[in-house]
Amino acid sequence: PAPQPVSFAFQSQVVVGTDQGLAYDALAAPLLQRALDGFNCTLLAYGQTGSGKTHTMFGPSGCLTEAAVARAGAAGGGSLSHGAGSGGPLSPPEWGLFPRAALALLPP
């Protein structure tokens, strides 16, 4: 018998050229809210070697310096999103999804 076609539905997607803030708003912020509501959540980066998974999750190499983390923490966390297209909490624009999510979980 021939294999049956399988379709998958995605809540959102991030395309080439999307900035880190839009990626956070589309992928991480809704999951964080669901986690805070008591649901188990997973954000998985899957793809070919060199396709940008680490860059998307953490940002470019060297962006998570102690000084950048201190500045972002001093600016205040505690907000999952600051409106559509905002990129979540006040964080450097190059930060990836994981540091933005961690900052969002800090008390304001």
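View 1. Phe58 is partly exposed, with a relative accessible area of 37%. Partly exposed lies between buried, under 20% relative accessible area, and exposed, over 50%, using a 1.4 Å probe and protein chains only. This is a predicted model: local features need pLDDT of at least 70, side-chain atom pairs count only at pLDDT 80 or more, and totals for chains, interfaces and linings use all residues. Residues are numbered from 1 along each chain as its sequence is written, and side-chain values use heavy atoms, with hydrogens and water left out.

**View 2. The aromatic pair.** Rings of Phe, Tyr and Trp (its six-membered ring) pair if their centres lie within 6.5 Å; planes under 30 degrees apart count as stacked, over 60 as edge-to-face and the rest as tilted. By this rule there is one aromatic pair. The ring centres of Phe58 and Phe98 are 5.4 Å apart and the planes meet at 55 degrees, so the pair is tilted. Phe58 belongs to helix H2 (residues 53-58) and Phe98 to helix H4 (residues 97-104), so the pair ties together parts 40 residues apart in sequence.

**View 3. The whole fold.** The protein has four helices and zero strands. From the N terminus, its elements run α-α-α-α. Helices (H or I, at least four residues) and strands (E, at least two) are DSSP runs, numbered from the N terminus. Of the 108 residues, 27% count as buried. The protein exposes about 7500 Å², and carbon and sulfur atoms supply 61% of that area. Accessible areas come from the Shrake-Rupley method with a 1.4 Å probe; for residues, only the protein chains shown count as cover.

**View 4. Helix H4 and its surroundings.** Six of the eight residues of H4 are buried, so this helix is largely enclosed by the rest of the structure. The buried ones are Leu97, Pro99, Arg100, Ala101, Leu103 and Ala104. They pack against helix H1 (20-36), H2 and helix H3 (66-75).

**View 5. A nonpolar patch.** Phe58, Leu64, Val69 and Phe98 form a nonpolar patch on the surface, with about 360 Å² of accessible area together. Patch residues have over 30% relative accessible area and no salt bridge; like charges are joined within 9 Å, nonpolar side chains (Val, Leu, Ile, Met, Phe, Trp, Tyr) within 5 Å. A salt bridge is a side-chain nitrogen of Lys or Arg within 4 Å of a carboxyl oxygen of Asp or Glu. Leu64 sits in the loop between H2 and H3. Leu64 is partly exposed, at 40% relative accessibility.

**View 6. Gln20 in helix H1.** Gln20 is part of helix H1. This residue is buried, with a relative accessible area of 8%. Contact means heavy atoms within 4.5 Å. Leaving aside neighbours within four places in sequence, Gln20 has contacts including His55, Trp95 and Arg100.

**View 7. Ala28 and Leu43.** Ala28 also has its place in helix H1. Ala28 is buried, with a relative accessible area of 5%. Ala28 and Leu43 are 15 residues apart in sequence and 7.2 Å apart in space, C-alpha to C-alpha. Beyond neighbours within four places in sequence, Ala28 is in contact with Ala23, Leu43 and Leu97.

**View 8. Ser12 before H1.** Ser12 lies in the segment before H1. At 29% relative accessibility, Ser12 is partly exposed. From C-alpha to C-alpha, Ser12 and Leu27 are 6.8 Å apart in space, and 15 residues apart in sequence.
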